[in-house]
Amino acid sequence: MKKKINEYLLIPYRFAVLLLLYAIQRLSFYWFNTDLFSNTQLSDWPLMMAGGLKFDICALIYLNGLWMVIYIFSLWAKVKPVMRRISDAVFYTFNILGLLTNCIDFIYYRFILKRTTYNVLDILAGEDNLGKLGLRFLLDYWYVLLYFIVLIFVFVYLIRLVRPSLTPIRNRILYIFCALCVLALVALLSVGGIRGDFKHSTRPITISNAAAYTASPEESAIVLNTPFSFIRTIGKKGFEHYDYFSEDEIESIYSPVHLCSTDSVSTPTLKNVVIFILESFSREFVGYLNQNRIPDYKGYTPFLDSLASVGVAYHNAYSNGRKSIDAMPAVLASIPSLTMPYVVSQYSNNKVNSIASILNENGYQTAFFHGAPNGSMGFDSFAKIASFNAYYGKNEYNNDADFDGWWGIWDHKFFPYYADQISLMQEPFCTALFSLSSHHPFQVPAEFEGVFPQGPLPVEQCIGYSDNALRIFFEKAKKQPWYNNTLFVITADHSSIPDHQEYKNNAEAFAVPIIFFAPGDENISHMDDYTIAQQADIMPTVLSYVGINTPYLSFGVDLNSTPAEKRFAINYKDGVYQYYQNDTLAYYDGKIITGLFDLKNDPMLNNNVLNSSPETKENMTRRVRAYLQQYNNRMIEDRLTVKND
């Protein structure tokens, strides 16, 4: 006998049924693929199931958004019969498809080692015998079909177990008012479900966020569900597979594989590594890096200027993206974000090597620091994907008195905390910090109001404040025994709004500082380097400096040993790849070079020399195509490590 419940309670009831079935499917997914998760322990499951609940809620909101709207407006007695049938048809159709895709991945996961994403349609579109393959799939894995049929029977039974107890509303105005109120409540709850919580600093959760709920990156597939993975990658442009060059030919033009050379040191130096990724620190703000670019300009970073004056300073360095989420993969794993941010792409669960994973193998202790609430921007997830041993965020800082009210812990508080935590680590270590205070709404603590120069842009006072926080860190760090055995790397996540005309062009829209500083190393003297550099060069340069002999994959170069003419940078803006090499900037639209500019003699990019430089055009076309073929094909084929090569 069917039980009656309040008609509005039918929505949470149906969600509860679906969440139960999704949890069962998660356990079933693991059971079908137990041999692929050999490192999974019983103790890992509470966190994975809790994280999985977030992704299940999000997926169900996506799948049932249309149904909820139709259902709410079907409660008026006069439209009820027709609308209720439409409502049920929409509900069963979308949710049966969701359950089906989860079942398909019980087996398909074994072939691709990740949850199915939207780009599977590109794969299926190229299959001429799709029907035959589908039939063979059903025959070979009949037991999954049987599982699905049983699951659907259970699903329909539980849904039909209850029916709504109707509250007749005959007044049209009252009906519309009640429907809009319920709809507003549902919309509010849906926003929280899609974002994973109600914090203002979070974004809608993506595939890469699953790593935050795992003990190892491969367990992300357990946390995720297939409807979520598929829906979240709709509209995300997949990478095109290129065949410009044969395998032998492309290796002679460009290879991202960094092999051990016979000249490399036989044992690592065991130097510590400390990396700062400074929020919105455009190269424009650093006075030292603009001495030859902007006359009589002091900038807003007196302390960073002092480090640049004694370290290795790259005056023509560029970011590989324009967003904060682009920076971690580029700086720490040498993976630029091209066409889309890597961390929100369907490839974000590919196996990668990173500065942390490689140094872990060589006896280093690794940790990542970011003062925002854990989960913000998905940084904790990527830190886990990149194999950092530990993550320190606002939760670990554990003192809300130092919260800025918007993003996280003030830099002048979190930076010295960073120094203290480093001092507790065993050498050798590699750590990275992502700052946050130089971010909109561009505030500084009350005690620092008016202390730092205020320029035409609101961010410039914050740059001065965060630069001072960097000074506080170094004052504390230089008193520690590890200081003189450490390589410091300072860069930015991306540039900010430009102030000076010199930075108001497509090339300098990606201009960031890159500075290496090793206070206790007499072999590294001050140097001003005016050749091209990029964020993706940081990982191979650091690994070269500390003497790592492990082969690895990087889409940058070792700045210590690569000749100037072979250095390059790449980024993506408005549908065009920007490729920098030998003081030349090339615009590549995915098919041909559409622009060539002389960065040295024409820094404002006023004169397109495409038609007058056929040799340069041919060379740049060859280089950028080889790079994109390596990048795209390896991304698609999940070959981002030497082990997977």
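First, a term: a cavity is a set of points on a 1 Å grid over the protein atoms alone where a 1.4 Å probe fits but cannot get out, and its lining residues have an atom within 4 Å of a point. This is a predicted model, where local features need pLDDT of at least 70, side-chain atom pairs count only at pLDDT 80 or more, and totals for linings use all residues. Residues are numbered from 1 along each chain as its sequence is written, and side-chain values use heavy atoms, leaving out hydrogens and water.

**Stop one: the largest cavity.** Select E279, S324, H370, A372, S376, M377, F379, W407, F434, S435, L436 and H439, which line the largest cavity. Its lining has six nonpolar, five polar and one charged residue (Ala, Val, Leu, Ile, Met, Phe, Trp, Tyr, Cys and Pro count as nonpolar, Asp, Glu, Lys and Arg as charged, the others as polar).

**Stop two: α16 and α17.** Now pick residues 411-423 (α16) and 459-477 (α17), whose axes are 8 Å apart at an angle of about 25° (axes are lines fitted to C-alpha atoms over the stretch in contact, and angles run from 0 to 180 degrees between N-to-C directions; helices are DSSP runs of H or I, at least four residues). So the α16 and α17 pair is roughly parallel (under 35 degrees). Among the contact residues are F415 and Y418 of α16 and L470 and F473 of α17 (contact means heavy atoms within 4.5 Å).

**Stop three: α1 and α6.** Switch to residues 10-32 (α1) and 142-160 (α6), packed at about 160°. That makes α1 and α6 roughly antiparallel (over 145 degrees). Their contact has 14 nonpolar, two polar and one charged residues.

Key:
On a 1 Å grid over the protein atoms alone, a cavity is a set of points where a 1.4 Å probe fits but cannot get out, and a pocket is an open set with protein on both sides within 12 Å along at least five of seven lines; lining residues have an atom within 4 Å of a point. Helices (H or I, at least four residues) and strands (E, at least two) are DSSP runs, numbered from the N terminus. Angles under 35 degrees count as roughly parallel, over 145 as roughly antiparallel, 65 to 115 as roughly perpendicular and the rest as oblique.
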